[in-house]
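Hi everyone, thanks for coming.

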Amino acid sequence: MSKSAVNLPLKGVRVLDVSQVMAGPFACMLLGDMGADVIKIEPPQGDQTRAAMGFKMRGPDSMGFLNMNRNKRSLSLDLKDERDREVFYRLVETADILVENYRPGVVQRLGIDYDTLKARNPRLVYASISGFGQSGPWSTRPGFDLMAQAMSGVMSVTGYPDSPPVKAGVPVADIGCAMFAVYAILSAYIGVKNGAEGQHIDAALFDAAMAFSIWDMSSYWGTGEAPGPVGTSNKMSAPYQAVKARDGYFVMGATNQKLWARLCGLIERPDLLEHADYATIADRLKNREALIDELEKELARRDSQEWVDLMLETGIPAGPILSYPEAFDSEHGQHRGMCMEIDHPIEGKVKNIGFPVKLSGTPQQVRRHPPLLGEHNQEILAELGMEAHHE
């Protein structure tokens, strides 16, 4: 599969993806979806994610790899080998953007660090993605999403009070870092297009995870009280959480006085509207547990979907709690195109998560299937006017 990138906004931009596992590959895939020519530089054994996950596909690549590496070409190089490194240097001279996620210090030992490469290509935008950044006391530590969640504070506010530590159910540090890296990469690239030189971008999972703490740290800086886990509820307003109906839980939010009045009317409890403990948002937050107990006494009269429908009719935000399969199979998930199929030379049809944003004029395209290891070696070397060397 190879379609033209005509009209896509990043057509003609060359990206070298010198990264593995998640944050770097995901960032580069986002650039590829927008039309960039992404060349995935892989060691001879391939990206670690090719062999990840606890189940097998028809071929050697995991479903995780197939969902983070579409719209790329694969070039297998051993960057410890001088001849392969020369191929890499030639490629750098043609590139606009490079993304790497080695532990700090490794790129210097390999001779592929920013200072070395900018001498060959001053306009290169070079992004380093790591667990804890390129400097600081923790910079040389290995950093995965779990460590970033734990050490950034994310795990301290996840779960319920007095429960064992709980991580966010999705890799917020990995995905967050990828998105922040793309924002920085494209900003720096625009700078180059406007006459500036390239620059080094330092993106860290730790920093990305901390950037999500806006409400928690605003509360801490305002009150001096360290935030803790509050389950599905919210520190800014109540009731705004999962609540229990007759057949199970759903989510709802009466986050201001107008919605609170509507909720009291809907559940036929006008006395709650006049109750001193629930008069204001501050009161409802202070007495949240008692408030939820009162609400759930009334919610037990109907099933969750009935309450969702009634609340939506009344203008109160509410929704069911869906599993991922239910969300993807829902009418809305299908309408939004959040599951798509990609043709693959070994797997046949491969499901991929759909594009998370939609562009009206230049919608993203799947131009290339997730590449086989080294699938494009000959093609890329030919573009450079080089031949593969053999032992």
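**A short tour, from the whole chain to one residue**

Let's start with the domains: the protein chain splits into domain 1, covering 14-212 + 333-384, and domain 2, covering 240-322. Their C-alpha centres are 43 Å apart. Please keep in mind that this is a predicted model.

Now the overall picture. The C-alpha trace spans about 80 × 45 × 45 Å along its principal axes. In secondary structure, the protein chain has 17 helices and 11 strands. Of its 391 residues, 44% are buried. The accessible surface is about 20000 Å², and carbon and sulfur atoms contribute 55% of that. If you take the contacts with a separation of 6 or more, 68% of them link residues 24 or more positions apart.

Next, let's zoom in on a pair of strands. Together β10 and β11 make a hairpin, with 3 residues between them. Within this pairing, Glu341 sits opposite Lys351 in β11.

You'll find Thr49 in the loop between β2 (37-42) and α2 (63-66). Is Thr49 buried or exposed? Its relative accessible area is 8%, under the 20% cut-off, so Thr49 counts as buried. And which residues is Thr49 in contact with, leaving aside neighbours within four places in sequence? They are Val21, Ser62, Gly64, Phe65 and Met68. With Val21 there is a further detail: a polar atom of the Thr49 side chain lies 3.3 Å from the backbone nitrogen of Val21.

Conventions. Residues are numbered from 1 along each chain as its sequence is written. This is a predicted model: local features need pLDDT of at least 70, side-chain atom pairs count only at pLDDT 80 or more; totals for chains, interfaces and linings use all residues. Side-chain values use heavy atoms; hydrogens and water are left out. Domain bounds come from an automatic or database domain assignment. Two strands pair if DSSP finds at least two bridges between them. Helices (H or I, at least four residues) and strands (E, at least two) are DSSP runs, numbered from the N terminus. Buried means under 20% relative accessible area, exposed over 50%, partly exposed in between (1.4 Å probe, protein chains only). A polar contact is a pair of N or O atoms within 3.5 Å; within protein, one must be able to donate a hydrogen and the other to accept it, and residues adjacent in sequence count only if both atoms are side-chain atoms. Contact means heavy atoms within 4.5 Å. Accessible areas come from the Shrake-Rupley method with a 1.4 Å probe; for residues, only the protein chains shown count as cover.
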